[in-house]
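Subject: Structure for you to look at

Hello,

Below is the structure I said I would pass on. My notes follow it.

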Amino acid sequence: MTTHKDIVIIGGGAAGLMAAAQASLLLEKASSERIPSVALIERNNILGRKLLLTGKGRCNITNARVWEDFLCHIHPDSSFLKNSFFSFDNMAVIKFFEQEGLKTIKERGERYFPESGKSSDVRDTLQARAAASRHIDIIKGKRVTKVAPSGFHFEIRTESQEGTGETIYARKVIIATGGLSYPVTGSTGDGYKFALNTGHKITPTRASLTALKPASYDTTLVGTTLKNVSLTLVIDGDKVMKEEGELSFTDGGIEGALGFRVSRRAVKAIDNGQKTALIIDLKPGVTLQQLRARIERERGNTPIRKYLSSLMPSNIINGFIASNPRLNYENLPEALKEWTFAINGYVGYERCVITNGGVSLKDISRKSMESKKIKGLYFAGEVMDLDGDTGGYNLQIAFSTAYTAISSAIEAILKEDSI
Ligand SMILES: Cc1cc2nc3c(=O)[nH]c(=O)nc-3n(C[C@H](O)[C@H](O)[C@H](O)COP(=O)(O)OP(=O)(O)OC[C@H]3O[C@@H](n4cnc5c(N)ncnc54)[C@H](O)[C@@H]3O)c2cc1C
């Protein structure tokens, strides 16, 4: 079977869904005689599978920081995002969701969540807005296997889970297939193949925002969380990064907000064969001398294990002692301020939050998200070499770039039709 569409969006994740939702709003307002037709194609039988996992099921929709603070959390080139951000910024994202009936709340660290605490409400809001337009066809359970420019159109091949093929011809295509992270959700790097086959460069990819694996650590630590600590990343003996906040020990290693924040540089260092270590400071608010004085003042004749319960959560005491086998009152202050883990690996794409690298930003127009190589081909979201820290930055990247891509594609179609 062959179908013709004006615009095809490949991938029904955060970016693809936002593109379809914005298409619905834009087409409602369009005054042209012929309204462009749009199809959203998602390989899974449900939309936004990864979106459902975000923010531990609560979805950290965006971050409210102003651009000057926001940009420090975007890598590798925040200036690429600037146009898109100002076309559809964090406050515009919140306004969109509120207007669509989803109440939001702001939490610590300027992070926005749905008030319901359910990421499914974010997905459902986007899906409902897209489905509200009769000009948008939502196709689920079909994987795009080929995207090829063919004359004035693109030939798009799809394959259903039963193996039946179909061809769709489109005038514009938006690739929103995500990266390689958490592939069980559907993001298996197909967009890179489409981009490569159409002459684009792919910046080498890496797992990022991921757990860092200590060479050894006591299993009693698994499942524990440390609040108000600092984490220093050491590469080849140099302290290259220090962050304060919260971290967790999991079966994957050291993660949580702090672990994720240093993981971008740590993963690169590990891949380069550099000696990598993490130092946890359990008492970042006091100097070593102050801590020593406090311990001297307080300890009396208390056995060290018992005294530790006044210094740290009880569920990490065994793990702390196991990491410091020669622990005594003399070396306790250093052990508390420099709990050191040699790091020899990290959790890969299978469970990381984001992919570093992707379609080279040099091949994409920052004003329109259109390819500089192939006219009519657009990119949105994680498939591009653009990613953010934890805190809502990655979804904002997906939403802003999707908005720019769909607005540009619709504008181009309307312009072509009016000639
Ligand atoms: C566990 C976890 C928690 C996270 N939490 C947050 C958070 O709270 N806040 C935040 O800002 N970011 C978070 N992120 C990151 C965020 O989810 C991503 O940045 C975002 O989903 C990227 O959106 P995307 O649309 O580009 O890609 P995806 O969401 O990965 O969507 C891509 C879609 O394309 C589909 N697809 C792929 N190939 C094809 C094909 N050939 N044909 C048809 N369909 C295809 C996939 O099935 C998928 O549905 C989290 C990520 C993970 C893994």
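The crossing of helices α2 and α6 is right-handed (a crossing is right-handed if the near helix is turned clockwise from the far one by less than a right angle, and left-handed if anticlockwise). Helices here are DSSP runs of H or I with at least four residues, numbered from the N terminus. This is a predicted model, in which local features need pLDDT of at least 70 and side-chain atom pairs count only at pLDDT 80 or more, while totals for chains, interfaces and linings use all residues. Residues are numbered from 1 along each chain as its sequence is written.

Helix α2 covers residues 49-57 and α6 covers residues 119-131; their axes are 7 Å apart, at an angle of about 145°. Axes are lines fitted to C-alpha atoms over the stretch in contact, and angles run from 0 to 180 degrees between N-to-C directions. Among the residues that meet are Leu51 and Leu52 of α2 and Val122 and Arg123 of α6. Contact means that C-beta atoms, placed from the backbone, lie within 7 Å.

The axes of α4 (residues 78-87) and α13 (residues 393-418) come within 8 Å and cross at roughly 80°. The two helices are therefore roughly perpendicular (65 to 115 degrees). On the α4 side, the contact includes Leu81 and Phe85, and on the α13 side Ile397 and Tyr403.

The domain assignment gives domain 1 (2-207 + 355-418) and domain 2 (212-346); such bounds come from an automatic or database assignment. Their centres, taken over C-alpha atoms, are 39 Å apart. Six residues of domain 1 are in contact with eight of domain 2.

Regards

Definitions and conventions: Contact = placed C-beta atoms within 7 Å. Parallel < 35°, antiparallel > 145°, perpendicular 65-115°, else oblique.
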